[in-house]
Each structure stands twice: as structure tokens, then as C-alpha cells.
Amino acid sequence: MSPPEPERPARSDARRNREKLVAVARAAFAAADGTVALEAVAREAGVGIGTLYRHFPTREALVEAVYAAELDDVTASAPALLAELPPEAALRAWMDRYAKFVETKRGMADSLRASLASGRIATPTTRRRITEAIGAILDAGARAGTLRAGVDPEDVTLMVLGVFLSTSGGQDAERIGRMLDLIVDAVRDPGR
């Protein structure tokens, strides 16, 4: 028996097609109130349905790719926000960015539930990445003296998740904003 051949890197046109499909699907899922037709995603991306299925054999595979790309964006935004804003403002701006991330998932809810249930999307990994982003902001705030030192980032993560679990997204946008403000107030250094 011969050893398996190493996986070849994707051709540049295949990478571009995959990236286009994910970008179009992101926009489609964010805008949709119901199910998004995969044929429409392929058409909008300028590829055939066969190309879509070569990259994403199931709807769930496409949803998982969109989820991963958006999670990458939201978690990577923490350092950029810290470079632009004071830590307490960066925390609140990051929470707004995360709120948009959560809101766009409502159109993919059924597929995401299936992926979470099957273990294809690891909830602990997602929570760890979110907690790390929050932790980086909290640490910067503690060093600047604007946010409490010693706040457990996991506690803040659970509070933020609680806001989204207890509200219905766009219908409660004002309430979500007030609740996120309360979280920032809770972690603000009381001496400031």
C-alpha cells in the first residue's frame, strides 16, 4: 500500500471562486428572511451550480464556511478597534460588531443548529475565540486604567451571550444597545 499523496494547494481560480461564493452567500444570508436558494448564490457569484457543489457539497457546508469567515472577521476586529479607540469605546464597538454577527446568523439558524448538533461547528472553540477577543480588550483597558482589572473575560462573554439569547435581534435593537451599555458600565473602572 502506497502512502497517501499530499493534498495539492487549490488553483488560484478555484480559490477565487470559493471566496466569491462565500462573499455572495454572506450577503445573501444576511439579507434573507427565509431560505436562500443555492442556485441564486452560484449565479450571483458568476459560477455554475456544479462549482458551488464542488466547494460546498451541502447547504450546511456553505453555512459553515460563511460562519467561519464571519467569526474570523469579528474576532480579528478587536486589535483594530483597540488601535483606533480607547479600550472602553473599543469594547462597546466590538460588542456592536458582534451583535451584527449574531443578527446575520438568524437567516442561517436551521443550518447552524444542524452543524452545531453534529459537532461540525465546535461551540467551545467559538466561545474561546470570542472570549479571547474580549480578554484582549479588557487587558488593554486594565493597563490604561479605564476598565476594571481582574475581570474574567468568560464572565463578560456569558453576559454578552445572555443579551442575545434573551432578545429577538432586530426587533429589540434598542434594548440590545442598552444592555450592552450596561455591560460596559459594569466593567468600567469605578475610579474613573
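Select threonine 167 first: its side chain comes to 2.8 Å from the backbone oxygen of valine 163. This is a polar contact (a pair of N or O atoms within 3.5 Å; within protein, one must be able to donate a hydrogen and the other to accept it, and residues adjacent in sequence count only if both atoms are side-chain atoms). Threonine 167 sits in the loop between α8 and α9. Its relative accessible area is 8%, so threonine 167 is buried. Buried means under 20% relative accessible area, exposed over 50%, and partly exposed in between (1.4 Å probe, protein chains only).

The model is a predicted one, in which local features need pLDDT of at least 70 and side-chain atom pairs count only at pLDDT 80 or more, while totals for chains, interfaces and linings use all residues. Residues are numbered from 1 along each chain as its sequence is written, and side-chain values use heavy atoms, with hydrogens and water left out.

**Helix α8**

Next select residues 153-165, which make up helix α8. Helices (H or I, at least four residues) and strands (E, at least two) are DSSP runs, numbered from the N terminus. The 13 residues of α8 should span 18 Å at 1.5 Å a residue, and the end C-alpha atoms are 18 Å apart, which agrees. The expected span is 1.5 Å times one less than the number of residues.

Which residues of α8 are buried? They are Val156, Thr157, Val160, Val163 and Phe164. These cover an arc of only 120° around the axis, which puts them on the same side of α8. The arc is taken from the directions from the helix axis to the C-beta atoms.

Now show aspartate 152, which caps the N-terminal end of α8. One of its side-chain oxygens is 2.9 Å from the backbone nitrogen of glutamate 154.

**Isoleucine 134**

Move to isoleucine 134 in helix α7. Leaving aside neighbours within four places in sequence, isoleucine 134 is in contact (heavy atoms within 4.5 Å) with Trp94, Pro153, Val156 and Thr157.

**The core and its rings**

A nonpolar core is a set of buried Ala, Val, Leu, Ile, Met, Phe, Trp, Tyr and Cys residues joined through side-chain atoms within 4.5 Å. The largest has 28 residues, and Leu91, Trp94, Met95, Tyr98, Val156 and Phe164 touch the most other members. Two or more residues come from each of α4 (59-84), α5 (87-105), α7 (123-144), α8 and α9 (173-187). Helix α5 gives the most, with eight residues.

Select tryptophan 94 and tyrosine 98. They are four residues apart in helix α5, which means about one helical turn between them. Tryptophan 94 is buried at 0% relative accessibility, and tyrosine 98 is buried at 4%.

How many aromatic pairs does a search of the whole structure find? There are four. In the pair of tryptophan 94 and tyrosine 98, the ring centres are 5.4 Å apart and the planes are at 5°, so the pair is stacked. Rings of Phe, Tyr and Trp (its six-membered ring) pair if their centres lie within 6.5 Å; planes under 30 degrees apart count as stacked, over 60 as edge-to-face and the rest as tilted.
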